Amino acid sequence: MGKVYAACLIIGFVIPLISILTGLFDGFIEFLAVDVLTLDLNGVDIDFLPLSVNSLCMGALVYGGIGLLLYGKMPLLYVNLIGGGAGYLCAVILQTVISAMKHTKNLAAENAELLNRRAQVTNTIMQNGFGAVSLHSKSTSVVSCPAKSEDGTEIRQ
């Protein structure tokens, strides 16, 4: 059984590493991540069927790690229950975090929104060089961006 735990640990580590380095498994099993067993808690969707590659690898990694740590120290049934439960819990947490990150909204201002806005020079624009300005966008966020004077003169803060 130690070989099974070691294999789970290795698979849980190697597949995400290969995915990061090559992008090979991006979206490979994402079509299985259906929202069948999902619970919505104040805008946070907890997915109780974590079937993405990342969450499956996380579950295998935790299961294999706990299995190797506890193997031989307690009965095999308890080792599998503790490892499986911890692996499942970690997979659910990871899938919930991934799902929440996919549903975040981009609040960044677009260039067209920043045109014709009054800006304040925050870092002096040097002669024939660059500085920084900050301005308020329509969404009341403050945007800082590099600036250069049109005629190359210095503009103080």
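Predicted model: local features only at pLDDT ≥ 70, side-chain atom pairs only at ≥ 80, totals over all residues.

Reader: What makes up the fold, in sequence order?

Author: The protein has four helices and five strands. Along the sequence they run α-β-β-α-α-α-β-β-β.

Reader: Why is Ser55 called buried?

Author: Ser55 has a relative accessible area of 0%. Buried means under 20%. Ser55 is therefore buried. Buried residues make up 27% of the 157 residues in the protein.

Reader: Where does Ser55 sit, and what does Ser55 touch?

Author: Ser55 lies in helix H2, residues 53-70. Leaving out residues up to four places away in sequence, Ser55 touches Pro50, Ala91, Leu94 and Gln95.

Reader: How do you know that H2 and H3 are roughly antiparallel or roughly parallel?

Author: Compare the angle with the cut-off. H2 and helix H3, residues 76-102, pack at about 150°. Angles over 145 degrees count as roughly antiparallel. H2 and H3 are therefore roughly antiparallel to each other. Their axes are 7 Å apart. H2 passes H3 in a right-handed crossing.

Reader: Which residues make the contact?

Author: From H2, they include Ser55, Met58, Gly59 and Val62. From H3, they include Gly83, Gly87, Ala91, Leu94 and Gln95.

Reader: How much of the accessible surface belongs to carbon and sulfur atoms?

Author: Their share is 64% of about 11000 Å².

Conventions
Residues numbered from 1 in each chain as written. Heavy atoms only, no water. Helix = DSSP H or I, 4+ residues; strand = E, 2+ residues; numbered from the N terminus. Buried < 20%, exposed > 50% of the residue type's maximum accessible area, 1.4 Å probe, protein only. Areas by Shrake-Rupley, 256 points an atom, 1.4 Å probe, with all protein chains shown as cover. Contact = heavy atoms within 4.5 Å. Axes fitted to C-alpha atoms, helices over the stretch in contact; angles between N-to-C directions. Parallel < 35°, antiparallel > 145°, perpendicular 65-115°, else oblique. Left-handed = near helix turned anticlockwise from the far one by under 90°.
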